[in-house]
Amino acid sequence: MLAQRWMWIAWPAFLVAGVLEMIVFALVDPSDLHWFGQPLNLSRQAVYTLAFFVFWGVTMASSALTTLLALSPFEVNRCPVPADERPGDCARHC
């Protein structure tokens, strides 16, 4: 189930990051970018790569938040410890 959840997060984020990359760099030339007033000393491919991973990370955070908010209260509050090994303060209705 955890692997499936990771794919719910990573795959849509990957697709959106690819589309976002195409849109942004259709309008922006990487050689015109500046960081704190200084031109970036990176090749075009390096800027494309870094931007893709930044876009992917941001969209993964968005997908992860959506996945977290889609959980039921039972899933969020359940005790991860097996019933016979639970401490006294672990949720009773697991």
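A salt bridge is taken here as a side-chain nitrogen of Lys or Arg within 4 Å of a carboxyl oxygen of Asp or Glu. The model is predicted, so local features need pLDDT of at least 70 and side-chain atom pairs count only at pLDDT 80 or more, while totals for chains, interfaces and linings use all residues. Residues are numbered from 1 along each chain as its sequence is written, and side-chain values use heavy atoms, with hydrogens and water left out.

The structure holds 1 salt bridge. It joins the side chains of Arg-44 and Asp-29, at 2.6 Å from N to O. The two residues are 15 apart and link distant parts of the chain, Arg-44 being in helix α2 and Asp-29 in the loop between α1 and β1. Helices (H or I, at least four residues) and strands (E, at least two) are DSSP runs, numbered from the N terminus. Arg-44 counts as partly exposed because its relative accessibility is 40%, and Asp-29 counts as partly exposed at 26%. For these classes, buried means under 20% relative accessible area, exposed over 50%, and partly exposed in between, with a 1.4 Å probe and protein chains only. Ser-31 is also found in the loop between α1 and β1 and, at 48% relative accessibility, is partly exposed. Ser-31 and Pro-80 are 49 residues apart in sequence and 50 Å apart in space, C-alpha to C-alpha.

The largest pocket has a volume of about 270 Å³, where volume is the space filled by probe spheres set on the points, and grid points are joined across faces, edges and corners. Its lining consists of 13 residues, and Leu-33, Leu-40, Val-47, Leu-50 and Ala-51 lie nearest the centre. At least two lining residues each come from α1 (2-27), β1 (34-35) and α2 (44-70), with α2 giving the largest share, 5 residues. By class, the lining has 12 nonpolar, 1 polar and no charged residues. Ala, Val, Leu, Ile, Met, Phe, Trp, Tyr, Cys and Pro count as nonpolar, Asp, Glu, Lys and Arg as charged, and the others, Gly among them, as polar.

Leu-40 and Leu-50 also belong to a nonpolar surface patch, together with Trp-35, Phe-36 and Leu-42, and the accessible area of the patch is about 590 Å². Patches are made of residues with over 30% relative accessible area and no salt bridge, nonpolar side chains (Val, Leu, Ile, Met, Phe, Trp, Tyr) being joined within 5 Å and like charges within 9 Å. Areas come from the Shrake-Rupley method with a 1.4 Å probe, and for residues only the protein chains shown count as cover. Leu-40 lies in the loop between β2 (38-39) and α2. Phe-36 is found in the loop between β1 and β2 and is exposed, at 76% relative accessibility. Its phi is near 55°, a positive value in a residue other than glycine. Most residues other than glycine have a negative phi.

Two C-alpha separations concern the helices. Arg-5, in helix α1, is 8.9 Å from Ala-64, 59 residues apart along the chain.

Methods. 1 Å grid on protein atoms, 1.4 Å probe; cavity = no way out; pocket = protein on both sides within 12 Å on 5 of 7 lines; lining within 4 Å.
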